[in-house]
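Colleague: I am new to this structure and would like to learn how to read its features one by one. Could we go through them together, with the general idea before each case?

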Amino acid sequence: MSLPNVAYFSMEIALDQSLSTYSGGLGFLAGSHMLSAGSLQLPIVGVTMLWSYGYYDQRLDHNGEVEVAYIRKYYDFLTDLGISTEVETFGEKVKVKAYRVEPELFGSCPVYLLTTDIDGNSEWARSISHRLYDGDEKIRIAQEVILGIGGIRILQKLRYKFDVIHLNEGHALPAAFELLKQYRGDIEQVKKKTVFTTHTPVAAGNEVHWVDTLAQGGFFAGCPKEKAIELGGENFSLTVAALRMSRIANAVSQLHGLVANKMWEWVEGRCPIRAITNAVNAQYWQDKRMAGAKSFDDLLAAKREMKAELFKYVANHAGKRFDPDVLTITWARRFADYKRAWLILMDKDRLNKLLDSNKIQIIFAGKFHPDDVMGREMFNKILQRSHSLKNVVVLPGYELQLSAILKRGSDIWLNTPLRPFEASGTSGMSANMNGTLHLSIFDGWTVEGTFDGVNGYTIEYDGLDDEMPWEERHWKDHECMMDKLENTIIPTYYENKTEWARLMQQAIRTSMAYFNSDRMVIEYYNRLYNPIAHSDLSAEGEKKTMSITEKPSFDAWTFANIK
């Protein structure tokens with residue numbers, strides 16, 4: 001049986017620092033998917049947007065606070081395909097032009113990039129592809145229409161015969177509606193070709209818009225309003241409709257598989273949701289010094305060398321000089337409240353004792369959504385506090401290069417989400433590949449890949465999923481984390497280098513063994529793309545197989561309100 005041709009639709013794909021078409025974790029994941037598909041020579045193409053201004057550039061203003069800057073990007077290494085299509089959105093016919101990332105450029109599969117920022121379009125139409133995740137609702141909807149409908153039409157103009165379209169999150173859902181139009185309303189034909197990945201239980205990541213607004217934007221490709229409501233509700237949920245328009249979906253970790261099946265169990269007519277754990281591309285993320293280390297001494301020497309390189313960056317950008325012999329902890333990811341960047345800062349006196357005695361150094365880095373007032377405030381508060389704290393810095397930005405140097409040069413990669421809201425999280429995987437140990441809340445992929453005292457450390461305790469007020473949960477997580485840090489991690493790092501090197505070695509081995517995206521992409525073929533994988537599926541049967549771990553408590557959740 002020949003492998004099916006797959007068209008992978010994603011609003012962001014991070015292939016290289018030089019191509020600013022991503023914001024963070026979703027893009028990093030999609031980039032790894034494309035890179036592994038390329039190295040494995042699998043019949044996949046990517047479809048994404050060519051953002052004229054990227055996500056945004058994060059920098060500090062003259063008052064020392066973070067500011068959002070939009071700088072136009074120019075690329076001379078993309079192939080102009082000389083083709084375009086036309087898509088109607090909000091009553092305007094918009095021309096969509098396509099470029100291609102050639103496989104030999106970054107080692108990926110072919111990736112097609114769509115833009116509306118071209119001559120012949122109105123200023124409004126050109127702005128559709130200006131900024132990734134634009135905060136204006138009409139622009140945001142138009143972006144999804146261009147990605148989904150424009151993407152299908154471009155592929156068909158290129159005569160790429162896809163057997164499967166893979167919707168990486170709900171952003172590209174209009175692609176399924178375009179197929180529904182082409183199949184004259186036969187949704188079973190759409191389901192045969194469509195698979196869907198849901199990435200988060202957080203409400204903000206499960207987009208909802210009024211059906212009339214989406215219809216005005218051309219989101220449904222001419223599908224009758226009544227049918228659209230039947231699929232996604234009047235307050236239309238992209239996730240719900242995707243689950244009803246796909247033959248099969250997947251969550252992004254084993255725990256998230258349980259969460260997603262529980263969260264969406266009320267959706268009648270939904271497809272099964274399997275669990276395929278995220279992974280990262282080892283060839284891209286692992287430093288060759290770690291891959292070539294032959295002994296514990298080699299590992300420790302390589303790590304010290306990489307720490308010195310990171311600290312040169314820190315000195316140049318933050319004006320503080322860090323010591324490569326001091327335990328270095330990094331928290332680097334999106335500044336969203338549920339990820340709790342502030343958790344380690346909760347007890348000032350307790351933390352200061354460790355900082356002032358040179359037991360630890362802490363680096364924060366990451367971006368917030370430009371319209372996220374709370375995320376911006378959180379960033380600025382930690383930034384201002386860092387100025388008066390010894391051994392603490394906040395670095396603006398979180399692009400691929402900075403992410404890589406942080407993962408190479410840290411000793412501990414700190415992950416502090418509020419369980420169970422972290423569906424997967426992949427940054428700790430690439431950190432592990434570089435001998436950086438994970439210290440994480442027992443959530444997302446950590447449940448599968450971080451084994452306390454074997455290859456890293458987990459923050460868990462009796463009553464992990466008991467109901468309790470949020471403030472009490474925060475303090476309990478903080479207390480467990482600090483106990484682990486003070487009584488286990490610090491003593492091991494300073495007093496038992498052999499044991500620390502063993503932990504590093506095991507972190508590298510486990511991440512390379514399972515959390516390499518080559519495994520992930522092969523699993524997608526075997527469990528999502530290949531028709532043979534779907535011959536005996538039923539939603540009820542699939543739910544019965546989801547017994548990897550004990551189900552968390554969901555009593556505090558309010559997700560059912562999106563019906």
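Colleague: Which residue just after α4 takes a positive phi?

Modeller: Two notes on reading come before the reply. This is a predicted model, in which local features need pLDDT of at least 70 and side-chain atom pairs count only at pLDDT 80 or more, while totals for chains, interfaces and linings use all residues. Residues are numbered from 1 along each chain as its sequence is written, and side-chain values use heavy atoms, with hydrogens and water left out. Helices (H or I, at least four residues) and strands (E, at least two) are DSSP runs, numbered from the N terminus. The residue you ask about is R159, which takes a positive phi of about 60 degrees just after α4.

Colleague: What span should helix α4 have, and what is the distance between its end C-alpha atoms?

Modeller: The expected span of a helix is 1.5 Å times one less than its number of residues. Helix α4 covers residues 137-157, and because its 21 residues should span 30 Å at 1.5 Å a residue, the 29 Å between its end C-alpha atoms agrees with that expectation.

Colleague: Where is the kink in α4 centred?

Modeller: A bend at a residue is the angle between axes fitted to the seven residues ending there and the seven starting there. In α4 the kink is centred on G150 and amounts to about 30 degrees.

Colleague: How many residues of α4 are buried, and which side chain reaches to the backbone at the start of α4?

Modeller: Buried means under 20% relative accessible area, exposed means over 50%, and partly exposed lies in between, with a 1.4 Å probe and protein chains only. In α4, 16 of the 21 residues are buried, so this helix is largely enclosed by the rest of the structure. At its start, a side-chain oxygen of D136 comes to within 3.0 Å of the backbone nitrogen of K138.

Colleague: How many salt bridges does the structure hold, and which residue forms one with R153?

Modeller: A salt bridge is a side-chain nitrogen of Lys or Arg within 4 Å of a carboxyl oxygen of Asp or Glu. The structure holds 32 salt bridges. R153 is paired with E178, their closest N and O atoms being 3.2 Å apart. Since R153 lies in helix α4 and E178 in helix α5 (residues 174-182), the pair ties together parts that are 25 residues apart in sequence. R153 is partly exposed, at 21% relative accessible area, whereas E178 is buried, at 4%.

Colleague: Which residue forms a salt bridge with D80?

Modeller: The partner of D80 is K97, with 2.9 Å between the closest N and O atoms. This pair links distant parts of the chain, as D80 is in strand β5 (residues 79-89) and K97 in strand β6 (residues 92-101), 17 residues apart. D80 is partly exposed, with a relative accessible area of 42%, while K97 is buried, with 17%.

Colleague: Which side chain of opposite charge is nearest to K303?

Modeller: In counting charge, Lys and Arg are positive and Asp and Glu negative, while His and the chain ends are not counted. K303, in helix α13 (residues 296-318), is buried yet has no salt bridge, and the nearest side chain of opposite charge, D411, is 5.4 Å away. Contact means heavy atoms within 4.5 Å. Not counting residues up to four places away in sequence, K303 touches several residues, including M290, K407, R408 and D411.

Colleague: Which side chain makes a polar contact with the side chain of S430?

Modeller: A polar contact is a pair of N or O atoms within 3.5 Å; within protein, one must be able to donate a hydrogen and the other to accept it, and residues adjacent in sequence count only if both atoms are side-chain atoms. The side chain of S430 makes such a contact with that of K407, at 3.0 Å. A polar atom of the S430 side chain also lies 3.1 Å from the backbone oxygen of S427. S430 is found in helix α17 (residues 427-432) and counts as buried at 1% relative accessibility.

Colleague: Is S36 buried or exposed?

Modeller: S36, in helix α1 (residues 25-39), is buried, with a relative accessible area of 0%. Its side chain is joined to that of S517 by a polar contact of 2.5 Å. S36 and V280 are 244 residues apart in sequence, yet their C-alpha atoms are 8.9 Å apart in space.
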